[in-house]
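Visitor: Could you show me how to read a few features of this model?

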Amino acid sequence: MFEYSPVDLQAIWLTVKLATVVTLLLIVIRTPIAWWLAHTRSSWKNVVHALVALPFVLPPSVLGFYLLIAMGKNGPIGSLTDAVGIGTLAFSFPGLVIASILYSLPFVVQPIHNAIDSLGNRPIEAAATLRPGPWATFFQVLLPLANPGFFTV
């Protein structure tokens with residue numbers, strides 16, 4: 001039988017904890033980002049879309065290196081968090097969570113964005129004739145129609 005040392009169990013626990021936190025956070029933030037990308041006319045749309053798709057372009061080691069530099073003591077994010085009193089995020093659990101979210105974001109946002117974008121404005125216009133609120137339109141009309149994007153994730 002296998003014998004696990006305390007270091008092995010600590011690594012397994014860290015992996016389970018990281019996967020749970022990242023999954024829960026991605027469930028919360030993926031749909032609003034995809035909705036915003038599908039419906040905004042902001043000039044920031046291309047910038048946000050490029051940032052979401054960045055892990056498709058950069059290898060994980062390069063993305064990790066950039067995040068280490070940004071979250072390190074002399075980096076822009078690290079110096080900001082250090083000035084606020086949080087400390088640097090490099091080599092910390094919150095830094096791991098942020099890096100994991102950034103790496104996983106395109107895999108959860110792109111399918112939902114494509115599903116919402118393919119619907120067009122017709123369902124929203126049809127729902128507007130019944131005068132529901134924006135939340136009712138979102139939860140009762142658009143989410144059921146965009147289900148294929150949620151289940152490809």
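Guide: Gladly. Keep in mind that this is a predicted model, where local features need pLDDT of at least 70, side-chain atom pairs count only at pLDDT 80 or more, and totals for chains, interfaces and linings use all residues. Residues are numbered from 1 along each chain as its sequence is written, and side-chain values use heavy atoms, without hydrogens or water.

Visitor: Is Arg 131 buried or exposed?

Guide: Exposed is over 50% relative accessible area, buried under 20%, partly exposed in between (1.4 Å probe, protein chains only). Arg 131 has 75%, so it counts as exposed. Arg 131 sits in the loop between helix 6 (122–128) and helix 7 (134–145); helices are DSSP runs (H or I, at least four residues), numbered from the N terminus.

Visitor: What is there to see in the phi of Arg 131?

Guide: Most residues other than glycine have a negative phi. In Arg 131, phi is positive, near 60°. Phe 91, not a glycine either, also has a positive phi, about 60°. Phe 91 belongs to the loop between helix 4 (76–84) and helix 5, and is exposed because its relative accessibility is 79%.

Visitor: Why does Trp 13 count as exposed?

Guide: Because its relative accessibility is 54%. Trp 13 is part of helix 1 (residues 6–39).

Visitor: Which helix gives the most to the lining of the largest pocket?

Guide: A pocket is an open set of 1 Å grid points, over the protein atoms alone, where a 1.4 Å probe fits, with protein on both sides within 12 Å along at least five of seven lines; lining residues have an atom within 4 Å of a point. Helix 3 gives the most here, with 6 residues. Of the 13 lining residues, those nearest the centre include Gly 64, Leu 67 and Ala 99.

How values were computed. Helices (H or I, at least four residues) and strands (E, at least two) are DSSP runs, numbered from the N terminus.
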